[in-house]
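Q: I would like to go through this model with you, one region at a time. Could you look at it with me?

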Amino acid sequence: MVGILVGMLFVGRVDIPESLIQISKKYEVQVDVIAEPYSWRGRGYTVETSAPTSADLAKYAKIFASEWNRYPVSVIRAAKVKRIVIATGISLNKQVRAAVPSFDSNTMYYDTTLGSYNEAYQRLVVHHEFFHMMDQVQGLVRKDPEWAALNPPDFHYGNGGDKMRNLGAGVLTDKLPGVLTPYAMSAIEEDKAELYGHLLVDREYVAGRVKADAVIAAKVGLLKARMQKWDAEFSDEFWNSMAWGT
Ligand SMILES: [Zn+2]
């Protein structure tokens, strides 16, 4: 089902890009494009959204679809994603977000416009945020001793991703041993999501870090083994796929 969301009614005022209609059919998920301000209250949090312009929607749909279509149908099902909301001006508890994985409503919210000057960033966000959903389903979001044990004994994560929203937190750097970005140091779940996302959009870069950093190598090994155990579709073929230019 594909809808334009106005309150709880679906109307035909916005042209939904064909690529989103195809995603809805292929994955059997509801895809909603926000047509007027919409908010949703989850357990202990509120997501607020606004309507994207049709130009932003068209541009984003191409990027989003090319990345989302890399996933086999079984993976989206296993992650229990039932609905994708495409919007702009997304906030979580009034804090601006490029995307929100809403665990208790099986919904992924994605912003068409935030960071749209940087296509690589928007591609990364598709996977980073979807990873949180998969991590949640596996029961590993905050408590993950197996992952934590890969860090050196004196390594400590920060106080959570919501406490590190500064510009530059997501920039790849080799100055921080064992992680890819400053943001990855904010929390264990962000470390995993950053590594996962960059494996899918910056494969060459991550391969270089794996060669030079034994902790990153161990994390990539655990991540890939764990994902494949969870769903057999996380094969070499999946990791080697690329969406850029398609
Ligand atoms: Zn995250």
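Q: To start, is Thr-112 buried or exposed?
A: This is a predicted model. In it, Thr-112 is buried, with a relative accessible area of 2%.

Q: Where does Thr-112 lie?
A: Thr-112 sits in the loop that runs between β9 (107-111) and α4 (119-137).

Q: Which residues is Thr-112 in contact with, leaving aside its neighbours within four places in sequence?
A: The contacts of Thr-112 are Pro-52, Asp-56, Leu-57, Tyr-60, Ile-86, Ala-87, Thr-88 and Gln-122, once neighbours within four places in sequence are set aside.

Q: And which side chain makes a polar contact with the side chain of Thr-112?
A: That of Thr-113, at 2.7 Å.

Q: Let us turn to α4. How many residues does α4 have, and what does it reach from its first C-alpha to its last?
A: Helix α4 has 19 residues and reaches 28 Å, which is close to the 27 Å expected at 1.5 Å a residue.

Q: Why is α4 described as largely enclosed by the rest of the structure?
A: Because 14 of the 19 residues of α4 are buried. The cut-off for buried is under 20% relative accessible area.

Q: What caps the N-terminal end of α4?
A: Asn-118 does: one of its side-chain oxygens lies 3.2 Å from the backbone nitrogen of Ala-120. As for what comes after the helix, α4 is followed by Gly-139, which has a positive phi, near 70°.

Q: Now the metal. Which residues coordinate the zinc ion?
A: The zinc ion is coordinated by His-128 (NE2), His-132 (NE2) and Glu-190 (OE), at 2.0 Å. Along the chain, the donors follow the spacing H-x3-H-x57-E.

Q: Why are His-128 and His-132 separated by about one helical turn?
A: Because the two histidines are four residues apart in helix α4.

Q: Moving on to charged pairs: how many salt bridges does a search of the whole structure find?
A: The search finds 14 salt bridges. One of them joins the side chains of Arg-77 and Glu-28, at 3.1 Å from N to O. This pair links distant parts of the chain, 49 residues apart: Arg-77 belongs to helix α3 (residues 73-78), while Glu-28 is in the loop between α1 (18-27) and β3 (30-34).

Q: Is Glu-28 buried or exposed?
A: Glu-28 is exposed, its relative accessible area being 61%.

Q: One last pair. What is the N to O distance in the salt bridge of Arg-209 and Asp-213?
A: The side chains of Arg-209 and Asp-213 meet at 3.6 Å. Arg-209 is buried at 7% relative accessible area, and Asp-213 is buried at 11%.

Q: Which residues do salt bridges that share partners join into one network?
A: Asp-135, Asp-144, Glu-146, Lys-192 and Arg-226 are joined in that way.

Terms used:
Residues numbered from 1 in each chain as written. Predicted model: local features only at pLDDT ≥ 70, side-chain atom pairs only at ≥ 80, totals over all residues. Heavy atoms only, no water. Buried < 20%, exposed > 50% of the residue type's maximum accessible area, 1.4 Å probe, protein only. Polar contact = N/O pair within 3.5 Å; in protein donor to acceptor, adjacent residues only side chain to side chain. Contact = heavy atoms within 4.5 Å. Donors = N, O, S within 2.8 Å, 3.2 Å for Na, K, Ca; no water. Salt bridge = Lys/Arg side-chain N within 4 Å of Asp/Glu carboxyl O. Expected span 1.5 Å × (residues − 1).
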